[in-house]
Amino acid sequence: MNPKLQKKINNLENIERFPAEELFEFLPVKKDDNVLDLGAGTGYISLSIAERVKTVYAFDYDKDILEYLESLAKERNMANIKSVVGHFNDIPLDNQSIDIAIASISLHEVQPLTTALKELNRVMKDRGLFLCIELEKTETSTGPRVSSTDMEVAILDAGFSIVNKIYPSTKVANQSVYMILAEK
């Protein structure tokens, strides 16, 4: 494995975060659901939810990281995780094909954000749920961040309605996070 990819995998797998199973408390997941994991990376969400749903579309721009995720899924005999390589502004999935979408610490780097969220809205089924987990923008933030207020505005502008906003006490990489649950 190339050293750059190995470093990325190590970074992604060693981020301090809350268990993915806790996210499912906010989502009424059904066995026949199609789930989109936006910015899937090494599969933190995909691998956790795959046993509970019909199909998980592990979406990422990094083909190599998705190949790594595919190898993990194969080791665990999970045949319902489908890798999708692409950019957030052009998701190569059919209109209204997704029941649940989850973006975990991935939208803060997407530009323009509203375009990506409108594209997400396109692939979501009516009444589909979108869970956004992001790092809160603060005065001491380093790197790109989107405040919960700005994210809420962007989600509304993309045609979703806000169901709930959660500010968990658990931090990710020692930074405050927020979760916004939205519905198409």
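How many bridges join strand 1 (residues 34–38) to strand 4, and do these strands run parallel or antiparallel? Strand 1 and strand 4 run parallel and are joined by 4 bridges, where two strands pair if DSSP finds at least two bridges between them. This is a predicted model, in which local features need pLDDT of at least 70 and side-chain atom pairs count only at pLDDT 80 or more, while totals for chains, interfaces and linings use all residues. Residues are numbered from 1 along each chain as its sequence is written, and side-chain values use heavy atoms, with hydrogens and water left out.

- Helices (H or I, at least four residues) and strands (E, at least two) are DSSP runs, numbered from the N terminus.
- Strand 4, helix 5 (residues 113–123) and strand 5 make a right-handed β-α-β unit; a crossover is right-handed if, with the strands pointing away from the viewer, the path from the first strand over the helix to the second runs clockwise.

**Backbone features in loops**

- The loop between strand 4 and helix 5 contains P112, which is joined to Q111 by a cis peptide bond with omega of about -15 degrees.
- I105 is found in the loop between strand 4 and helix 5 and has a positive phi of about 50 degrees although it is not a glycine; I105 is partly exposed, with a relative accessible area of 23%.
- N77, in the loop between helix 4 (63–75) and strand 3, is not a glycine but has a positive phi of about 55 degrees, and N77 is exposed, with a relative accessible area of 70%.

**Aromatic pairs**

- The count comes to 2 aromatic pairs, taking rings of Phe, Tyr and Trp (its six-membered ring) as paired if their centres lie within 6.5 Å, with planes under 30 degrees apart counted as stacked, over 60 as edge-to-face and the rest as tilted.
- The ring centres of F59 and F88 are 5.6 Å apart and their planes lie at 85 degrees, so this pair is edge-to-face.
- F59 lies in strand 2 (residues 55–60) and F88 in the loop between strand 3 (81–85) and strand 4 (98–104), so the pair ties together parts that are 29 residues apart in sequence.
- F59 is buried at 0% relative accessibility, and F88 is buried at 10%.
- The rings of F130 and F160 have their centres 5.7 Å apart and their planes at 40 degrees, so the pair is tilted, and both F130 and F160 are buried.

**Salt bridges**

- The structure holds 7 salt bridges, each being a side-chain nitrogen of Lys or Arg within 4 Å of a carboxyl oxygen of Asp or Glu.
- One of them links K125 to D99, with the closest N and O atoms 3.2 Å apart; K125 lies in strand 5 and D99 in strand 4, so the pair ties together parts that are 26 residues apart in sequence.
- K125 is partly exposed at 28% relative accessibility, whereas D99 is buried at 16%.

Methods: Buried means under 20% relative accessible area, exposed over 50%, partly exposed in between (1.4 Å probe, protein chains only).
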